[in-house]
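Please read the following report with the sequence and the model side by side.

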Amino acid sequence: MEITPFSSKPNIIQTPKQKCPCGADRCYIDSYRVDEDDEFTDPNCAPNNSGDQVSVLAPYVGQTFETDEDAIEYYNNFARSTGFLVRRERSKGNPDHPMGVYKRELVCHRAGAPLSAKAGETKRLKRKKPERCRCEAQMVIKKNMSGGSAKWAVVNFNNVHNHDLLEVNFVHYQPQYHHRYISQADRDRIIALAKGGCNVGLIIRALEMEKGIKTGQLTFSERDVKNFLHASETVNPELERVELLKYCKSMKEKIPDFRYEVSIMEDNKLENIAWSYVESIRSYKAFGDVVIFDVGHRLCTYDRPILTWFGLDNNGNIIFFSCAVLFDEKLESYRWALQAFLRLLDGKYPQTILTDFNVNLKEIIQTDLPETKHAHSFDHIISKLSSWFSAPLGPQYEKFKTEFCQLTELNQIEEFEREWERIVLQFGLVLDRHAEFLFLNRFFWGLAYLKNWFFGGLLGGEHNLKIRGFFRRFLNSQTKLKDFIEQVGVAVDFQNQAAEETNQNQIQTNLKTCLPLEEHASTILTPYSFAIFQKEISLSTQYAVYETATETYLVQHHLKTGGGGHIVTCIPSSEEVSCTCKGFEFLGVLCRHALRVLSLKNCFVVPDRYLLLRWRRESNLFPKSSGFKYRSQALKSLGSILVQESAITKDRFDYVQWHLGKLLNHVRDMEAGPANVVEDDWLDAGMPIIAEMDVGPTRKIALRGRPRKQKSTVKVANEEDAALS
């Protein structure tokens, strides 16, 4: 169905899969009137030339949104362009639920039965047509968890109305107008403009200019902005400090391994706070070799910077380590946060750390982490090029950007510096201050200067989107400090659940080369790390090998045998192999050159030292025993039954809570012996499998798992022990 301009009474859109005028399968177009001489703000779309209003595509079942606010805003814009209003009918979930609010139902403003008249209004309402007429048009969205991140999906959509639709151009004038909605991006921008000294009128004009729309076409009014700013200012810092400290103390009582640090100013006000969770501390011990130090988020309610440590697990997922909220962005505040992170994480120093350009971070990392390699991601460098070079270079900018990206991939220092000199001369950037700044800081972003340190694939910068997704679900312009810490904990729990599920449900990988080295690595590495290994071993077949000295080889691509290549040293007696490209040091996976030599030396298994523990299927986060999955399922089943039984009465709950606290302390005090019991041995040992049996009003636990013949053996053994005692 093609999109056509709306008439005064728009047709009902019931076909979900339309094409955008720009030709894309699906894109967002705001529903304001577009004239022929107006500039369309969406670079991916172009309006029709009729001068009529462009429609918003109808939602469809399965459509996903990052947040519920995005879904509500989209449905509001669709309703506005169609000719009806939206009302939030009901929602499921609450802040105490593990997933918070997880379902919302948005309905037409005329949905539901007519409201009963209040006392004294019966006579007046007889002359007025009822507002509600049981219209069934609605959109239902539900929160789904996928890969540790939450997204909202449309689970039901009905666009059939049983009443006449409103005139599109007069929707704004309805007294019960439900489209006055301020999106999260607009909220953040409003607060920023207000802090810059703009009054409400200037804020409205600035937003209209930024969006490229006409006066009065925002989804909110000046009164809405005033109300929003007033609500944002009603924060009591002293009360927040008391509530926050009370929350941290209660968390420490419930979970003794929860860690936090605070610094208080002279006037008894909260200055800085940093915290971490027991799962995050355990993750850092296993995957704390490379750290992302993110400083790109703020708690807008207090105008405070948020500093976070993230890492990369063995499945390529971004994992949370620790977080801090600071009073300001001064050097001493950053130093306090860095030292707090190290104290919370048992003083372990990372091998490498990634940050954005930040003078304060650069200084404190050099002084407080002298043995840690500091670097900037390629993605962050590329994001700066447009603002620095697009104006002076003009039409040559795209060519410069292409050559600069090729420059970042060079892994020889001499070649890098020679190519840099050629680029600045070619584009006339010899005296450019930004080009000079980049060259002076080349040690932080040039691959040739970083290849000797481990980055695990994070240097490319793909992690930035995942980090923004981590915070986007709960960080907004009105987030309170206590709520922020609580929501970070919920997000970390989701991450841990996804990581555990990924470790337990490893998919079988397909071999490409059928080489013994590939087959051996596939049984040990996770799918993420094996994909890197598989790429390298597949490309290794394109290289030629020449022995230049004893146990030393020149490896060249078969199309570039005229020069270049890399030197590989292979000592079979000690199972040592190294390459001048430093691929193993950089990624933690053997490079194509080393794998080519190992294949020619009749090596059929990858030496154990080159299969890093952090990339293996069984990382330090989980026991090495293959019976872990079985034990985990048994405990989860037992725990589920225990929750149901203890929730029946308060006495049951208090009893279970007291005994579980004692049990947890006892288990923590037990020695962690080697996890060398395999699943079959564990089952043969007679450990029970928990199963639920519904036998009336209450549930009982049936234990099965030990064979009958073993029960008699155990009984005899117990009798002998009793006799000896």
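C108 counts as buried, with a relative accessibility of 0%, where buried means under 20% relative accessible area, exposed over 50% and partly exposed in between, for a 1.4 Å probe and protein chains only. C323 is likewise buried at 0% relative accessibility. The cysteine sulfur closest to that of C108 belongs to C135 and is 3.9 Å away, which is too far for a bond, since a disulfide is defined as a pair of cysteine sulfur atoms within 2.5 Å. By this rule the model has zero disulfides.

This is a predicted model, in which local features need pLDDT of at least 70 and side-chain atom pairs count only at pLDDT 80 or more, whereas totals for chains, interfaces and linings use all residues. Residues are numbered from 1 along each chain as its sequence is written, and side-chain values use heavy atoms, with hydrogens and water left out.

## The sheet

Helices (H or I, at least four residues) and strands (E, at least two) are DSSP runs numbered from the N terminus, and two strands pair if DSSP finds at least two bridges between them. Strands of a sheet pair through backbone hydrogen bonds, either parallel or antiparallel. Here seven strands form an open sheet in the order 6-7-10-9-8-11-12, with mixed pairing. Its edge strands are strand 6 (259–264) and strand 12 (373–376), each of which pairs on one side only.

| Strands | Bridges | Facing residues |
|---|---|---|
| strand 6 and strand 7 (270–276) | six bridges | V262 and I273 |
| strand 8 (290–299) and strand 9 | six bridges | R298 and P305 |
| strand 9 and strand 10 (318–325) | seven bridges | L312 and I318 |

Strand 9 (residues 304–312) is mostly covered, for nine of its nine residues are buried. On one side these are R304, I306, T308, F310 and L312, and on the other P305, L307, W309 and G311. The hairpin of strand 8 and strand 9 has four residues between the strands, and in this hairpin D303 takes a positive phi near 55°. In the hairpin of strand 9 and strand 10, with five residues between the strands, G316 has a positive phi near 80°.

## The second largest pocket

A pocket is found on a 1 Å grid over the protein atoms alone, as an open set of points where a 1.4 Å probe fits, with protein on both sides within 12 Å along at least five of seven lines; lining residues have an atom within 4 Å of a point. The second largest pocket is lined by 38 residues, and those nearest its centre are E409, L410, N411, L447 and R592. Helix 18 gives the most to this lining, with four residues.

## Positive phi in two loops

Most residues other than glycine have a negative phi. E575, however, has a positive phi near 55°, and its place is in the loop between strand 15 (566–571) and strand 16 (576–579). With a relative accessible area of 45%, E575 is partly exposed. N602 has a positive phi near 60° and lies in the loop between helix 20 and helix 21 (628–646). At 57% relative accessibility, N602 counts as exposed.
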